[in-house]
Amino acid sequence: MTDTPALPPVAEESVVRFLRGTRLQHDRVRDQWVIQAPERAFIADPIAAEILRLVDGTRPVAAIIDILAERFAAPRPVIAHDVLEMIASLTQRQVLTA
């Protein structure tokens with residue numbers, strides 16, 4: 001059994017942005033959100049798209065969590081866990097930077 005490396009922690013105070021050359025784009029033909037990065041692309045599921053549409057390089061992660069918790073009337077700790085985990089994963093994949 002192999003151990004998966006731990007994701008780097010992301011603080012709620014962090015301000016995240018897309019790395020240079022990386023962006024979120026809506027594919028109108030397929031009606032889906034796509035993360036485009038140099039020489040690669042990821043299809044963003046609806047939850048990831050909701051989070052990433054709020055990443056603007058000025059908004060702290062805490063504000064993104066608050067907006068989503070209010071928008072979906074969900075418990076903030078649940079939203080915080082999901083957002084922090086996804087941002088850490090995309091930071092590790094060199095899509096986002098804090």
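**View 1. Contacts of Ser 14.** Leaving aside residues up to four places away in sequence, Ser 14 touches Arg 59, Pro 60, Val 61 and Ala 98, where contact means heavy atoms within 4.5 Å. The model is predicted: local features need pLDDT of at least 70 and side-chain atom pairs count only at pLDDT 80 or more, while totals for chains, interfaces and linings use all residues. Residues are numbered from 1 along each chain as its sequence is written, and side-chain values use heavy atoms, with hydrogens and water left out. Ser 14 lies in the segment before strand S1 (17-18). Helices (H or I, at least four residues) and strands (E, at least two) are DSSP runs, numbered from the N terminus. Ser 14 counts as buried because its relative accessibility is 18%; buried means under 20% relative accessible area, exposed over 50%, and partly exposed in between (1.4 Å probe, protein chains only).

**View 2. The sheet S2-S3-S4.** In this open sheet, 3 strands stand in the order S2-S3-S4 with antiparallel pairing. Its edge strands, S2 (23-27) and S4 (40-44), each pair on one side only. On average, neighbouring strands are turned by 30° against each other, direction ignored. Two strands pair if DSSP finds at least two bridges between them.

View 3. Strand S3 covers residues 32-37 and pairs with S2 in the antiparallel sense over 5 bridges. Gln 25 stands opposite Val 34 in S3, and Asp 27 has Gln 32 of S3 as its bridge partner. The hairpin has 4 residues between the strands, and Asp 31 takes a positive phi near 50°.

**View 4. The hairpin of S3 and S4.** Antiparallel pairing joins S3 and S4 over 5 bridges. Ala 41 in S4 is the bridge partner of Gln 36. With 2 residues between the strands, this hairpin contains Glu 39 at a positive phi near 65°.

**View 5. Packing of H2 and H3.** Helix H2 (residues 61-71) packs against helix H3 (residues 76-92) at an angle of about 130°, with the axes 9 Å apart. Axes are lines fitted to C-alpha atoms, for helices over the stretch in contact, and angles run from 0 to 180 degrees between N-to-C directions. H2 and H3 are therefore oblique to each other: angles under 35 degrees count as roughly parallel, over 145 as roughly antiparallel, 65 to 115 as roughly perpendicular and the rest as oblique. Residues of H2 in the contact include Ile 64, Ile 65 and Leu 68, and those of H3 include Ile 79, Val 83 and Leu 84.
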